[in-house]
Amino acid sequence: MEHDDTREGLRCLVTGATGYIGGRLVPELLSAGHRVRCLARSPDRLRDHPWADRAEVVAGDVTDAASVARGLAGVDVAYYLVHSMSSGKDFEETDRRAALIFAEQARIAGVRRIVHLSGLIPAGVPEHELSPHLRSRAEVARILLDSGVPTTVLRAAVVIGSGSASFEMLRYLTERLPVMVTPRWVHTRIQPVAVRDVLRALVGSARMPSDVNRAFDIGGPEVLTYRQMMLRYAAVAGLPRRIILPVPVLTPGLSSHWVGLVTPVPASIARPLTESLRHEVVCHEHDIDRHLSGPPGRPIGFDEAVRLALQRVREARVTTRWSSASVPGAPSDPLPTDPDWAGGSLYSDHRELRVDASPEALWRVIEGIGGENGWYSFPLAWVVRGWLDRLMGGVGLRRGRRDAARLRVGDSLDFWRVEAIEPGRLLRLRAEMRLPGLAWLEMCAVTDGDGRTRYRQRALFHPHGLLGQAYWWSVSPFHAIVFGGMARNIARAAAGSAVRGPEHTPAR
């Protein structure tokens, strides 16, 4: 691809576009005049993003060399923004294999630069003392730097931005616990960075000179302890001063479960976050601005980063969240179209009701389900199921919604994920709770032959083994209460909103 590098936009590949940083990077690259291609395992999850019609989306997986090669064809700059957040024994091998494939295919394709976002590595700490996740991040960075393709590795510690896992952890710990007993890592020195500064560095790295092949530390202008961050957050948010009592007995494992109980961030994701705070994570060089194209930017301070993030949360303008990425261990199989798929059982619970409202009024209720609006059915049952899921290491109910009124494919919705939307007609959710099988929930607004509105609801379960069979039959006696009540209350809420207006739709 021949062009004047100083004037014409570059062709950029973004991996991890369904994740928190990738989903924000794509529109920034487009605004900078670049052409963007996204490599995604599930392209439909990018369908409803505001920038979807301006970016090319191709199906692929970084562990599959052929699909990576297709994604990299004709690309100038490749953004590698994927990593495993699971704690399984093989996650380091998966990360290593994916990085090796990407590095080799980028070299073969003649890519001019790789840009990778990694974690800030503590200085002077032997690699064997690092957490498994930080150790894996360091290894992936080395593989890309040794690829033969000029590579920029950006190393960041805690990223402060609306919807980031680090920010949500800080936010909920501070807001929910006026008095808290905390692990020792609250005294660890950290250099947080605003997500806007991360994005600026990522975009600017696209045009680095070809002789630059190195890692850069990126951080905000302040070095703070986690305790100071919580106290400063409380001040910005207008909360009373928090009382923080560190104790030495909370190991990283116990810390992650403590975070999982108090915040929406599940223990599987909280663990790598808390493990990374065992050692000081402070920038040891500030060379990045000398190598970025465009005018140098002044890093955003911690208080301003918190203020901007809270403003977006309060205005419901959170474009991506930590939960945008798939949860480790969550099921990903799409709903089978054949009930006898693979010769297995597919159990279902069907409900259908006439609704005294327009299909539009019914759809508003359907699309607004979950989060603060609740599930229109026996709240205690949902709360208990959410807590059981958290205790088993799942996500529970507290992920909530990205937007209070609108959903898009790929959104997390409590312990569900939006698998399909046909606006005005169908919403299909796939369960991401811990289950001995796969589960889906469908809700439809339709019009019958007489022109009357009808609500159709279908819960489906594909059991795994005898445990899955036992699970279905043990909970099926409660379906009339849970799913039957849901159908009746959704129909009632739609009829009520039709009378009072959509702004008065009740939550359950």
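Here is a short walk through this structure, from a sheet to a pair of rings and then to one helix. The model is predicted, so local features need pLDDT of at least 70, side-chain atom pairs count only at pLDDT 80 or more, and totals for chains, interfaces and linings use all residues. Residues are numbered from 1 along each chain as its sequence is written, and side-chain values use heavy atoms, leaving out hydrogens and water.

Let's start with the sheet. Strand 15 pairs with strand 16 (residues 416–422) over two bridges; two strands pair if DSSP finds at least two bridges between them. There, L413 stands opposite W416.

Now follow strand 14 to its ring. Y347 and W472 form a stacked aromatic pair, 5.4 Å centre to centre with 10° between the planes. Rings of Phe, Tyr and Trp (its six-membered ring) pair if their centres lie within 6.5 Å, and planes under 30 degrees apart count as stacked. Y347 lies in strand 14 and W472 in helix 14 (residues 465–475), so the pair ties together parts 125 residues apart in sequence. Both Y347 and W472 are buried, meaning under 20% relative accessible area with a 1.4 Å probe, protein chains only.

Finally, look at helix 5 (residues 165–176); helices are DSSP H or I runs of at least four residues. Of its 12 residues, 10 are buried, so helix 5 is largely enclosed by the rest of the structure. Among them are F167, L170 and Y172.

Definitions and conventions
Phe/Tyr/Trp six-rings, centres within 6.5 Å; stacked < 30°, edge-to-face > 60°. Buried < 20%, exposed > 50% of the residue type's maximum accessible area, 1.4 Å probe, protein only.
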